[in-house]
Amino acid sequence: MGQTLTEKIFSARCGSPVHAGEVVMAPIDRAMIHDITGPLAIQKFREMGGNRVADPEDVVILFDHQVPADSIEAAQNHVFMRMFAEEQGIRNLDVREGVCHQVMMEKGFAAPGEIVVGADSHTCMYGAAGAFATGIGSTDMGFVLKFGALYFRVPESTRVEVSGSFPRRVGAKDLILAITGDIGADGASYRAIEFTGATIGGMDMAGRMTCCNMAIEMGGKTGLVAPDRVTWEYLKGRREMKSFALEADRNASYADRRSYDVSDLAPQVAVPHNVDQVVDVGKVEGTPLDQVFIGSCTNGRFEDLAEAAEVLGNRSFSEKVRVIVIPSSRDEYLKALRAGLVERFTMAGALVEAPCCGPCMGGAFGLLAPGEVSLSTSNRNFRGRQGSTDAKVYLCSPATAAASAVRGQITDPREVG
Amino acid sequence: MAGKKTVQKRAMATVNPPRVWKFGDHVDTDQIIPGRFLTIYDPRELALHAFEGTRDEFARLARNGDILVAGSNFGCGSSREHAPLALKGAGIRVIVAESFARIFYRNAVNVGLLPLVCGDTSGISDGEEAAVDPGTGELVAAGRKYALEEVPGFLQEIVDAGGLVEYARGLEEVTTCRKTTRSR
């Protein structure tokens with residue numbers, strides 16, 4: 001029987017053929033903890049009797065959800081994790097680098113064939129680098145810290161094949177929103193989603209990251225793209241590694257196969273309060289907005305900011321909306337700065353913040369009051385996600401966000417620029 | 001005196017039997033515990049904010065042993081373990097749902113909650129008296145019986161230990177890629 005990409009990765013790391021449904025204790029190549037889930041992971045590690053972390057060089061600590069510390073409690077959590085990193089000899093990137101998933105990718109901490117875990121659900125994003133990467137809870141992470149390994153039930157896979165060329169101002173975010181709307185919020189539960197096809201092959205790493213990032217929104221354990229020329233090119237200078245072949249067998253067995261053609265895809269919007277409630281932008285055009293957020297691990301890369309700036313052109317954002325722009329990492333911030341985007345957004349009336357999760361998870365700043373409406377390039381529009389449970393969050397692409405911020409209402413980006 | 005206490009306890013149990021907290025489909029972890037409370041790690045303190053803004057009475061009225069019953073995809077979203085901890089702090093021990101989101105399911109087992117799958121929960125109503133029959137493994141709600149699926153084999157060991165911390169405390173080392181049970 002042929003193997004899926006996921007089965008290939010687990011088989012290679014285990015040294016013997018492994019198939020979906022089997023439970024294995026797999027070695028962990030890299031583990032990431034941040035300021036929200038990290039303190040509890042460390043506490044659980046201690047409660048398990050842990051003294052020394054199994055593989056400190058394979059652990060990455062960083063802070064991104066509440067940075068700079070927005071409360072004394074958050075500051076204490078940061079101190080607690082700093083002390084642990086120092087005691088254990090773990091790499092601590094602290095508040096310096098940005099959103100965990102972007103940083104893990106750009107530092108080369110995830111590479112083809114590796115098994116990577118993170119104490120954050122959007123860890124599935126590193127599948128864009130051809131890794132098997134998945135989000136875990138703090139107690140599982142405590143186990144990983146103690147043993148450098150974790151139980152996995154090797155998941156079945158959903159194969160998503162994408163063809164066609166994107167129309168103007170339509171891209172990876174519109175695609176993944178459309179797929180999520182089709183598959184549903186639990187349509188890929190417990191499964192790995194393999195993205196393949198000509199459109200994925202032609203997509204840059206930024207777009208692949210956007211797609212893999214949202215696999216969890218369909219219940220997926222991870223999203224993956226088989227490493228190709230684009231992947232290996234991206235890894236150059238980030239990771240010393242010789243390229244090798246890693247792809248699913250033609251006769252691999254899939255739990256589900258889907259195919260999509262993006263040729264006629266319209267800009268997509270997820271409406272409150274579920275990520276799979278997705279419509280063409282035309283259905284919600286004119287919805288008045290209070291806040292627009294361009295950023296997050298899903299869409300805070302330079303490519304995203306550049307497209308938003310292109311749509312914006314020399315206009316100003318509507319004075320009716322608060323526009324918050326957050327590059328997803330220090331590297332992305334620098335790229336935006338050097339390209340003049342930070343100046344452009346600031347001139348247009350936006351608040352450009354330092355790299356962090358920002359309003360995405362409603363824990364730090366940029367919260368919504370009851371009755372307010374936000375349009376966001378992030379990944380979740382759950383009730384209360386960005387503040388009041390009586391607020392509404394819509395999700396969209398950077399292009400749609402920029403066009404909508406110009407008009408002060410949800411707008412088709414093709415009408416603006 | 002001891003005898004009298006037992007009688008009192010039994011009387012209490014009759015007055016306040018465990019009951020159902022019924023929820024729908026796709027209950028996400030942001031609803032279970034909103035993002036602004038994630039600097040808290042104590043289960044009882046987290047429980048004070050469980051379902052804040054979406055079902056405020058839960059934190060006030062949930063009692064030890066109450067059973068949470070939901071539709072499909074319970075616990076979707078964030079990996080925050082604060083979610084099962086908040087439910088545990090509120091006294092919930094058993095969650096019955098038609099399906100669970102993956103990370104929540106595993107977190108629940110890890111912190112010592114019992115997530116059990118029930119094919120159809122639509123007939124179970126909020127406030128019904130309920131209990132899991134330890135003999136048959138069925139959920140009995142308002143006198144009606146509902147079959148529950150067992151936790152998969154490899155997780156049962158963790159359930160039996162009382163959670164992953166208790167399971168791991170006794171372990172000195174693990175053998176990687178030792179194939180264990182083949183689950184469903």
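Biologist: How do you know that residues of chain A are in contact with residues of chain B?
Modeller: Two residues are in contact if their C-beta atoms, placed from the backbone, lie within 7 Å. By that rule, 53 residues of chain A are in contact with 43 residues of chain B. The model is a predicted one, in which local features need pLDDT of at least 70 and side-chain atom pairs count only at pLDDT 80 or more, while totals for chains, interfaces and linings use all residues. Residues are numbered from 1 along each chain as its sequence is written, and chains are lettered from A and ligands numbered from 1 in the order in which they are written.

Biologist: Which element of chain A gives the most to the side that touches chain B?
Modeller: Helix 5 of chain A does, with six residues. Helices (H or I, at least four residues) and strands (E, at least two) are DSSP runs, numbered from the N terminus. Other elements that give two or more residues include strand 1 (23-27) and helix 3 (72-88) of chain A.

Biologist: What classes make up the side of chain A that touches chain B?
Modeller: That side has 21 nonpolar, 19 polar and 13 charged residues. Here Ala, Val, Leu, Ile, Met, Phe, Trp, Tyr, Cys and Pro count as nonpolar, Asp, Glu, Lys and Arg as charged, and the others, Gly among them, as polar.

Biologist: What are the domains of chain A?
Modeller: Chain A is divided into domain 1 (5-236 + 256-261) and domain 2 (268-411); such bounds come from an automatic or database domain assignment. The centres of the two domains, taken over C-alpha atoms, are separated by 23 Å. Each domain of chain A supplies 31 residues to the contact. On the side of domain 1, helix 6 of chain A provides the largest share, six residues.

Biologist: Why is R169(A) called buried?
Modeller: A residue is buried if 20 or more other C-beta atoms lie within 10 Å of its own, exposed if 12 or fewer, and partly exposed in between, with C-beta atoms placed from the backbone. R169(A) has 24 C-beta neighbours inside 10 Å, and therefore counts as buried. R169(A) lies in the loop between strand 8 (157-163) and helix 6 of chain A.

Biologist: Why is Y190(A) called partly exposed?
Modeller: Y190(A) is partly exposed because 18 other C-beta atoms lie within 10 Å. Its loop runs between helix 6 and strand 9 (192-196) of chain A.

Biologist: Which peptide bond involving P68(A) is cis?
Modeller: The bond joining V67(A) and P68(A) is cis, with omega about -20 degrees. P68(A) lies in the loop between strand 3 (59-62) and helix 3 of chain A.

Biologist: How do you know that strand 1 of chain B pairs with strand 2 of chain B?
Modeller: Two strands pair if DSSP finds at least two bridges between them. Three bridges join strand 1 of chain B to strand 2 (residues 67-70) of chain B, so the two strands pair. Within this pair, W21(B) stands opposite L68(B). The open sheet has four strands in the order 1-2-3-4, with parallel pairing.
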